[in-house]
Every structure is written in C-alpha cells, then in structure tokens.
Amino acid sequence: TEQAQALTSLYLPFVEAACCDPLALLDLVRLRRDPQLPTDRDHGPLLDSALKTRLTDTPLFDGEKPLLDRILNLEPQLDLSRQERITFLSTQLLQKVLEEDPKLERLVFFSTSPTFANDLYSQLSNAFGDPVTRHGRPGWTKKWWRKGPQFLVCDWTAEEGLNLHGGKVCLIHADLPFSPNRMEQRIGRLDRFGVGIPIRSFVVMPDHGESRY
C-alpha cells in the first residue's frame with residue numbers, strides 16, 4: 001500500500017542516524033512522535049527539510065508510538081555512547097594514529113552531522129588547543145595551511161569542492177554515511193588526483209561493545 005511504502009522509506013534514515021549520531025536519531029524520533037516539536041539542531045542530511053516533511057506527513061502505524069517512546073527512554077545510554085565515541089576519537093584513536101606515524105602533518109576528521117562535528121571540535125580544542133580548526137569558521141583556511149601539525153574537523157558540507165591535498169595527511173571518519181559516493185568525496189578532498197603520498201583512512205568500529213579502528 002501507499003502508506004506501507006511511505007513507512008518503508010523512513011526506515012533507512014532512522015538506521016543511518018543511529019549509526020552516525022545518536023542525537024540525530026533522538027531528534028528524528030521526537031519529530032516523528034510530535035510534529036509540533038521544534039528541532040533546531042543541525043544534523044545535515046540526517047534530518048533535512050524533505051525528511052522532516054516525510055516524518056510529519058506520514059501517519060503513524062498502529063503501535064508505533066510505544067516503540068518511539070522506548071527509543072526515547074534510551075536517551076541516557078545513547079548520550080553516553082555518543083560521548084564515548086567523541087572521547088575515543090579525540091584521545092585514544094588519535095594517540096594510536098600519531099604513534100603509528102609520528103611524521104603526520106595534518107589530520108582531518110569527517111562526520112555527517114554538523115552538531116556532532118561541533119562537539120568533536122570542542123573536545124579536540126580542549127585537548128590540543130590552537131592546532132585544532134573547524135571547517136567553515138573564520139580563518140580556518142589560513143590556520144589549516146600553517147606549518148606544523150594541524151587538525152581539521154569537517155561535517156558533510158566539506159565533502160565537495162574542497163582541496164585539502166598536499167603533505168602527509170590522514171583521514172579519520174567519525175561516522176560512515178550509507179552513500180559510497182560520499183565516502184569517495186571525503187577521500188577525494190585529501191587525495192584529489194591519486195598521486196603523491198597515499199592517504200590513510202581510519203574508521204571507528206564496534207568490537208564487543210568497545211570502539212576500535
């Protein structure tokens with residue numbers, strides 16, 4: 001039926017949001033449960049205007065509201081999981097990457113959600129200070145091309161039309177978007193012509209409840 005098809009089309013965005021940023025998943029659930037609830041956080045393509053319309057215009061199926069409530073009740077665990085991922089990215093994983101290759105000059109972090117990228121940027125800045133730069137903020141380009149180690153945090157808006165290649169650069173995926181084209185676009189920001197120093201990429205994966213790369 002038409003409603004079944006509409007509900008099916010909502011399944012993948014929920015799964016992708018859960019994989020990329022639990023906070024985005026919670027906002028999708030809140031909007032789905034209560035269309036009048038404002039969602040002012042920026043999650044990029046995880047919750048764009050078209051998806052918001054589909055979430056609010058597609059009627060709930062029988063028994064859906066209790067399922068949404070169960071997800072919302074998981075908010076403390078989801079918040080903790082999200083913070084653990086940010087902490088792992090900004091400390092343990094970064095330390096391992098630098099230990100493996102002390103000559104790295106620049107590291108680029110990519111996440112889909114601007115909200116997640118902002119929170120990651122804040123934690124990295126607290127840990128490392130001035131070398132950390134956020135794509136899109138005033139003066140970020142000048143800071144990125146300075147001599148010495150530099151860290152750049154990007155969201156989905158940096159996946160196209162950006163040239164970051166040159167020098168010894170490493171790419172860290174804070175999440176994995178479901179679109180292979182977007183993954184290629186991320187890598188292409190650092191290795192646009194397929195020449196020069198090979199670009200290494202790292203991805204956080206679950207391993208028995210713990211993060212690894």
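Asp 119 counts as partly exposed, because its relative accessible area is 31%; buried means under 20%, exposed over 50%, and partly exposed in between, with a 1.4 Å probe and protein chains only. Asp 119 forms a salt bridge with Arg 82, the closest N and O atoms being 2.8 Å apart. By salt bridge I mean a side-chain nitrogen of Lys or Arg within 4 Å of a carboxyl oxygen of Asp or Glu. Arg 82 lies in helix 5 (residues 75–100) and Asp 119 in helix 6 (residues 114–128), so the pair ties together parts that are 37 residues apart in sequence. Helices (H or I, at least four residues) and strands (E, at least two) are DSSP runs, numbered from the N terminus.

Before I continue: this is a predicted model, in which local features need pLDDT of at least 70 and side-chain atom pairs count only at pLDDT 80 or more, while totals for chains, interfaces and linings use all residues. Residues are numbered from 1 along each chain as its sequence is written, and side-chain values use heavy atoms, with hydrogens and water left out.

Which other residue forms a salt bridge with Arg 82? That residue is Asp 21, with the closest N and O atoms 2.5 Å apart. Asp 21 sits in the loop between helix 1 and helix 2, so this pair links parts that are 61 residues apart in sequence. Both partners are buried: Arg 82 has 9% relative accessibility, and Asp 21 has 0%.

A further salt bridge joins the side chains of Asp 69 and Arg 33 (2.3 Å, N to O). Asp 69 belongs to helix 4 and Arg 33 to helix 2, so parts 36 residues apart in sequence are tied together. Asp 69, at 25% relative accessibility, is partly exposed, as is Arg 33, at 30%. The whole structure holds 16 salt bridges.

Let me turn to His 135, in the loop between strand 2 (132–134) and helix 7 (140–144). His 135 counts as buried because its relative accessibility is 16%. Beyond neighbours within four places in sequence, its contacts (heavy atoms within 4.5 Å) include Trp 140, Leu 152 and Cys 154.

Finally, helix 8 (residues 180–190). Among its buried residues are Arg 182, Arg 186 and Arg 189. The cover over the buried residues of helix 8 includes helix 1, strand 1 (106–110) and strand 4 (169–173).
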